[in-house]
Amino acid sequence: MEKKIVLSGMRPTGRLHIGHWVGALSNWVSLQNEYNCFFMVADWHAIMSEYKDPSLIKEYSLDNVADWLSWGVNPKQAVVFVQSEVKEHIELFMLLSFITPLGWLSRCPTFKEQVQQLKEKEVNTYAFLGYPTLQSADITLYKADCVPVGEDQLPHLEMCREVVRRFNFLYKNKVLVEPQPLLTKESRLLGLDCRKMSKSYGNFIALDEDVDSIRRKVLSMITDPARIKKDDPGHPDICNVFTYHSVFNPAIKDEVCDWCVNAKKGCKDCKVLLADTLNDFIAPKREEKTKLLKDKKYLTEVLDSGKEKASSVAGATLKQVKEAMKLR
Ligand code: TRP
């Protein structure tokens with residue numbers, strides 16, 4: 001049986017952190033064996049909100065791909081590429097724009113939210129309105145069956161499915177494929193301060209965080225506020241440090257729980273152990289990333305070959321799309 005096709009993307013707008021690992025990247029790594037995967041740097045989508053200062057996008061693109069590879073994305077299995085290097089994305093974006101009703105876009109909850117929330121970025125632009133249409137082009141160019149995403153992306157997936165149905169209805173064919181969302185199981189890791197983990201709050205541990213700052217950041221984490229002295233029994237179920245232990249070292253979860261509930265060890269010990277655990281987890285990947293970024297030759301080869309493979313699939317779909325629309 002042919003493997004099913006997966007496409008996913010990330011916007012290169014900052015350093016990746018352990019929230020990205022838990023919420024998306026770990027899933028990508030485990031999907032590579034079972035599916036034909038396309039993993040894309042969504043740099044056009046990044047520029048839609050970062051157009052006032054797009055200067056860092058190139059740097060983050062390489063930096064993020066270096067993280068992907070050092071954390072286990074295997075370019076021999078998956079096609080890793082940059083959206084803007086495969087021109088078909090823009091062309092299909094245009095063709096799909098012809099048939100996307102304005103109301104679908106202006107009513108999209110993510111559009112309304114972002115215009116409100118990113119006031120200083122002024123994303124009430126022509127291009128940003130079309131964000132889901134570009135995303136639909138990304139997905140349908142590869143005839144992706146499945147798209148691993150977080151819940152926040154579900155409205156975009158739903159719109160993509162509607163655009164596909166409209167296309168296939170208008171041009172009486174089945175060229176484009178309706179994708180299914182693949183929701184990430186372990187969905188969300190809170191930030192160090194218990195707010196949403198986010199670049200702008202600075203409450204994250206980066207995928208290449210160095211050993212000292214891992215320690216400093218973990219020691220600043222808030223534990224059970226009712227546990228003041230070491231002798232006070234704690235409540236792991238409300239402790240963010242405990243959640244991190246269960247995600248990054250599930251094997252010792254019960255032991256950690258026992259220390260806390262029975263007041264055997266203090267919060268500081270618990271955090272030092274977490275910092276060590278995280279560092280052990282991150283260290284080999286951090287080293288690998290440093291190597292990848294020192295001599296960029298390998299990274300460039302990966303992206304060049306990804307561009308070629310992606311272009312050949314995307315080119316074939318675009319040809320079928322134009323035939324269906326009687327444009328050629
Ligand atoms: N919009 C996605 C996000 O912000 C990124 C993205 C762009 C994407 N194109 C995609 C995700 C195609 C899945 C499929 O996370």
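These legends go with several close-up views of one predicted model. Because the model is predicted, local features need pLDDT of at least 70 and side-chain atom pairs count only at pLDDT 80 or more, while totals for chains, interfaces and linings use all residues. Residues are numbered from 1 along each chain as its sequence is written, and side-chain values use heavy atoms, with hydrogens and water left out.

**View 1**
Val41 sits opposite Val82.

**View 1. The largest nonpolar core.**
A nonpolar core is a set of buried Ala, Val, Leu, Ile, Met, Phe, Trp, Tyr and Cys residues joined through side-chain atoms within 4.5 Å. The largest one has 51 residues, and Ile18, Leu25, Trp68, Val73 and Tyr244 touch the most other members. Helix α1 (residues 18–31) gives the largest share, seven residues. Domain 1 (5–189 + 296–324) and domain 2 (211–289) both contribute, so this core lies between them. Zoom in on Tyr244 and you find contacts (heavy atoms within 4.5 Å) with, among others, Ile18, Leu189, Met197, Met221, Leu274 and Leu278, not counting residues up to four places away in sequence. There is also a second, separate core of 42 residues, with Phe93, Phe111, Leu129 and Met159 among its members.

The chain splits into domain 1 (5–189 + 296–324) and domain 2 (211–289), with bounds from an automatic or database domain assignment. Their centres, taken over C-alpha atoms, are 35 Å apart. Ten residues from domain 1 and eight from domain 2 make the contact. Together the domains bury about 900 Å², 79% of it on carbon and sulfur atoms; buried area is the accessible area (1.4 Å probe) that two parts lose on being put together, summed over both.

**View 2. Salt bridges at the domain interface.**
A salt bridge here is a side-chain nitrogen of Lys or Arg within 4 Å of a carboxyl oxygen of Asp or Glu. By this rule the count comes to 16, and two of them cross the interface of domain 1 and domain 2. Asp63 and Lys289 pair up through their side chains, at 3.0 Å from N to O.

**View 3. Salt bridges between distant stretches of chain.**
Lys52 and Glu122 meet at 2.7 Å, N to O. Lys52 is in the loop between α2 (43–50) and α3 (57–70) and Glu122 in the loop between α6 (109–117) and α7 (126–129), 70 residues apart. Glu122 is partly exposed, at 42% relative accessible area.

**View 4. Around helix α9.**
The side chains of Arg165 and Glu178 form a salt bridge (3.0 Å, N to O). Arg165 is in α9 (residues 154–170) and Glu178 in the loop between α9 and β5 (180–183), so the pair links parts 13 residues apart in sequence. Arg165 is partly exposed at 38%, and Glu178 likewise at 29%. Leu157 is also in α9, but is buried, at 1% relative accessibility. Leu157 touches residues including Ile139, Val147, Val149, Pro179 and Pro181, leaving aside those up to four places away in sequence.

Technical notes:
Two strands pair if DSSP finds at least two bridges between them. Helices (H or I, at least four residues) and strands (E, at least two) are DSSP runs, numbered from the N terminus. Buried means under 20% relative accessible area, exposed over 50%, partly exposed in between (1.4 Å probe, protein chains only).
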